[in-house]
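Dear colleague,

I am handing over the structure we spoke about, and it is shown just below. Please look through it before reading my notes.

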Amino acid sequence: MSAAGPATGEVYRVDWQPGTDLLRGICHCGAGHTAQDPVAMWEWMLGHPEGHRPGEDSR
């Protein structure tokens with residue numbers, strides 16, 4: 001699933017990793033994050049810039 005902010009054009013992407021309970025999120029800045037909880041994933045994405053460093057993968 002992807003969401004784009006209408007005013008900002010920012011794109012957030014969340015993919016489910018088949019065969020696991022993991023979600024992989026990619027922020028518009030390029031930072032990545034893996035989580036099992038979809039709510040935690042969206043909180044991480046929307047909490048920008050806290051925990052975000054472009055090109056960095058956090059868990």
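The notes below cover a cysteine in a loop, the nonpolar core, and the question of disulfides.

This is a predicted model, in which local features need pLDDT of at least 70 and side-chain atom pairs count only at pLDDT 80 or more, while totals for chains, interfaces and linings use all residues. Residues are numbered from 1 along each chain as its sequence is written, and side-chain values use heavy atoms, with hydrogens and water left out.

Cys-27 sits in the loop that runs between strand S3 (23-26) and strand S4 (32-35); helices (H or I, at least four residues) and strands (E, at least two) are DSSP runs, numbered from the N terminus. Cys-27 has a relative accessible area of 3% and is therefore buried (under 20%, with exposed over 50% and partly exposed in between, using a 1.4 Å probe and protein chains only). Although Tyr-12 is 15 residues away from Cys-27 in sequence, their C-alpha atoms are 4.9 Å apart.

Both residues belong to the largest nonpolar core, which has 9 residues, among them Leu-23 and Trp-44 (a set of buried Ala, Val, Leu, Ile, Met, Phe, Trp, Tyr and Cys residues joined through side-chain atoms within 4.5 Å). Strand S2 (11-16) and helix H1 (38-46) are the elements that give two or more residues to this core, and H1 gives the most, with 3.

As for disulfides (a pair of cysteine sulfur atoms within 2.5 Å), the structure holds 0. The sulfur of Cys-29 lies 3.9 Å from the closest cysteine sulfur, that of Cys-27, and is therefore too far for a bond.

With best regards
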